Amino acid sequence: MPDREVEAGRSKKGGAALRAAPDGTEFGSISRGEQQNTRGFIVVAVLWILAALSALVLIYLTYVTNTAVVVAGSTDRVQTDALVTAAVELAAYRLTNVIEALRPTSGTFNAKVGAGKLSVTFRSEAARIDLNAAPKGLISRLMIGLGVNPSNAADYADRILAWRAATEAGEDDPENSLYRTSGAAYIPRHAPFPEAEELWLVRGIPSLVVEKMLPFVTVFSNLAAVNVLDAAPQVVAALPGMTPENLQEVLAQRDDPALDPRSLLAMTGSEGATLAGSKAYRITIGVELSGGRRSAAEVVILLLESGDEPYRVLSWRNASDDGAASQKASPR
């Protein structure tokens, strides 16, 4: 047996670990530096794997969160639509449950449906100026009351009447020529306005004037006059011969529940004024969901005198819709 036997695992020459065969022959060595490099590589690899797993977890959590938000938003929309429909049904029931002679032209009520709360106001479209039936004077005076110069208001009213008026002149129609020479890619409809927002297409009327007019006009009344009990002050002010003094008197008197409504017609001179309501009603609905979330909608319905359905929806606009949402008729 040799005098010096090298044992496996003993250090030699600066820390190298020797491995020996049974006969004592050295066959390989691993330095401490190589061991440290190997351990460092493993640590880095593990850290990269953990970082990748963390990123995947964050992506998954983001997906789950966004999905929850979308589902919650969709649920709110479904609940809101259901509550708005319930409000419309309740308003229609109140209006059709009485004979037409006693039917109110406006009203308001609150209701609780399930976990939701409703605040409902309904008003006959006779409270607005009908773009398809109102005379030129009523339309122009509305614009004057909204700040338009009287001469300009008369011109704008002419453009509105020309848009809705039928024509047999065809290519020779002066209004058609006006639109072509102005560079428009269309000509007047020469038929009733299907929606109030079509005012945007009438040439010559400034956008600001159209924007101011829209809250006070309709295409659903089918009346040349306006209901003085429900009309906005701006609409009442447009009646023929209405002075600021008369306007204040009418507004003060109509709030008196003991007043005979027929006396209002005498105050306004009767021309262009009525106490009658339209069969079309605008329903403004406020919705409060559980948790305090709020929404709103505006629906116009037409009461039907016959058939299986008591009413038909003419317009439906949610608060989240574009502010210029149309009054276009739509099936129920």
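This is a predicted model: local features need pLDDT of at least 70, side-chain atom pairs count only at pLDDT 80 or more; totals for chains, interfaces and linings use all residues.
I take buried as under 20% relative accessible area, exposed as over 50%, and partly exposed as in between (1.4 Å probe, protein chains only).

Residues are numbered from 1 along each chain as its sequence is written, and side-chain values use heavy atoms, without hydrogens and water.

Salt bridges. I searched the whole structure for a side-chain nitrogen of Lys or Arg within 4 Å of a carboxyl oxygen of Asp or Glu. The search returned 11 salt bridges.

Entry, Lys 136. I found Lys 136 paired with Asp 158 at 2.9 Å, N to O. Lys 136 is in helix H2 (residues 136–145) and Asp 158 in helix H3 (residues 150–164), so the pair ties together parts 22 residues apart in sequence. I count helices (H or I, at least four residues) and strands (E, at least two) as DSSP runs, numbered from the N terminus. Lys 136 is partly exposed at 32%, and Asp 158 is partly exposed at 29%.

Entry, Arg 159. I found a salt bridge from Arg 159 to Glu 175, with the closest N and O atoms 2.7 Å apart. Arg 159 lies in helix H3 and Glu 175 in helix H4 (residues 174–181), so this pair ties together parts 16 residues apart in sequence. Arg 159 is partly exposed at 21%, whereas Glu 175 is buried at 8%.

Entry, Lys 279. I noted a salt bridge between Lys 279 and Glu 305, closest N and O atoms 3.2 Å apart. Glu 100, Arg 103, Lys 279 and Glu 305 are linked in a salt-bridge network. Lys 279 is partly exposed at 32%.
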